[in-house]
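Here are some notes to read alongside the structure, written as numbered points. Please keep the model open while you go through them.

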Amino acid sequence: MAEAETRIARCTCGQARAVCSGEPERVSVCHCLNCKRRSGSSFAVQARFAAANVTITGDFATFELVGDEGGRSVHRFCTGCGATLFYTFDAQPGVLAIPLGLFDDPWFARPAYSVYEERKHDWVEITGPVDHYD
């Protein structure tokens with residue numbers, strides 16, 4: 001039996017970490033205003049893992065947010081550098097979303113979904129075998 005791959009996500013200062021085993025359940029690009037603000041970029045990319053496959057360490061502060069469609073998410077960010085290490089969604093219990101940029105892995109699985117594209121900057125193009133949603 002093959003051993004599950006382990007990936008480590010870490011914040012900017014390194015005090016907070018998420019050790020993830022196995023493949024993510026989903027990798028997606030989000031163009032919603034909240035993700036843009038959270039990432040400080042024109043879009044955000046995140047990998048979703050079963051919470052049972054992730055070990056979290058470090059000190060966190062918490063921020064709760066209600067999204068465009070009324071769903072609540074809870075964001076946990078490093079108390080040292082402020083980077084969001086992971087967030088959860090009420091609509092998907094047992095799942096953690098981890099920003100892709102926290103993994104030092106340029107070969108990480110590519111996004112399969114691009115959501116809130118009605119808010120996508122017109123100069124951004126998400127290519128490849130990706131499902132696109134407004």
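**Notes on the predicted model**

1. C11 sits in the loop between β1 (6-10) and β2 (17-21), where strands (E, at least two residues) and helices (H or I, at least four) are DSSP runs numbered from the N terminus. C11 has a relative accessible area of 2% and is therefore buried; buried means under 20% relative accessible area, exposed over 50%, and partly exposed in between, with a 1.4 Å probe and protein chains only. Not counting residues up to four places away in sequence, C11 touches A16, C78, C81, A83, L85 and L102, a contact being heavy atoms within 4.5 Å. C11 and F103 are 92 residues apart along the chain, while their C-alpha atoms are separated by 9.2 Å.

2. Before going further, please note that this is a predicted model, in which local features need pLDDT of at least 70 and side-chain atom pairs count only at pLDDT 80 or more, whereas totals for chains, interfaces and linings use all residues. Residues are numbered from 1 along each chain as its sequence is written, and side-chain values use heavy atoms, with hydrogens and water left out.

3. V29 belongs to strand β3, and its relative accessibility is 2%, so V29 counts as buried. Leaving aside neighbours within four places in sequence, V29 is in contact with F43, A44, V45, P111, Y113, S114, V115 and I126.

4. Which residues does E117 touch, not counting residues up to four places away in sequence? They are H31, I126, H132, Y133 and D134. E117 itself is found in the loop between β10 (113-115) and β11 (131-132). E117 is buried yet has no salt bridge, and the nearest side chain of opposite charge, K120, is 5.5 Å away.

5. Although Y116 is not a glycine, its phi is positive, at about 60 degrees. With a relative accessible area of 19%, Y116 is buried.

6. A search of the whole structure finds 6 salt bridges. R72 and E64 are joined by one of them, at 2.8 Å from N to O, and R72 also takes part in a salt bridge with D90, whose closest N and O atoms are 2.8 Å apart. Because D90 lies in the loop between β8 and β9 (95-99) and R72 in strand β7, this pair ties together parts that are 18 residues apart in sequence. R72 is partly exposed at 31% relative accessible area, E64 is partly exposed at 48%, and D90 is partly exposed at 45%.

7. Salt bridges that share partners also join E5, R7, E23 and D105 into one network. Within it, E5 forms a salt bridge with R7, the closest N and O atoms being 3.6 Å apart. E5 counts as partly exposed, at 38% relative accessibility, whereas R7, at 7%, counts as buried.

8. The largest pocket has a volume of about 590 Å³. Of the 24 residues lining this pocket, the closest to its centre are R48, G67, G71, F89 and Y116. On a 1 Å grid over the protein atoms alone, a pocket is an open set of points where a 1.4 Å probe fits, with protein on both sides within 12 Å along at least five of seven lines, and lining residues have an atom within 4 Å of a point. At least two lining residues come from each of β3 (26-30), α1 (33-39), β4 (44-50), β7 (72-78) and β8 (84-89).

9. The second largest pocket has a volume of about 170 Å³, a volume being the space filled by probe spheres set on the grid points, which are joined across faces, edges and corners. Its lining consists of R38, S39, F43, A44, V45, A83, T84, P99, L100, G101 and L102.

Conventions
Lys, Arg positive; Asp, Glu negative; His and termini not counted. Salt bridge = Lys/Arg side-chain N within 4 Å of Asp/Glu carboxyl O.
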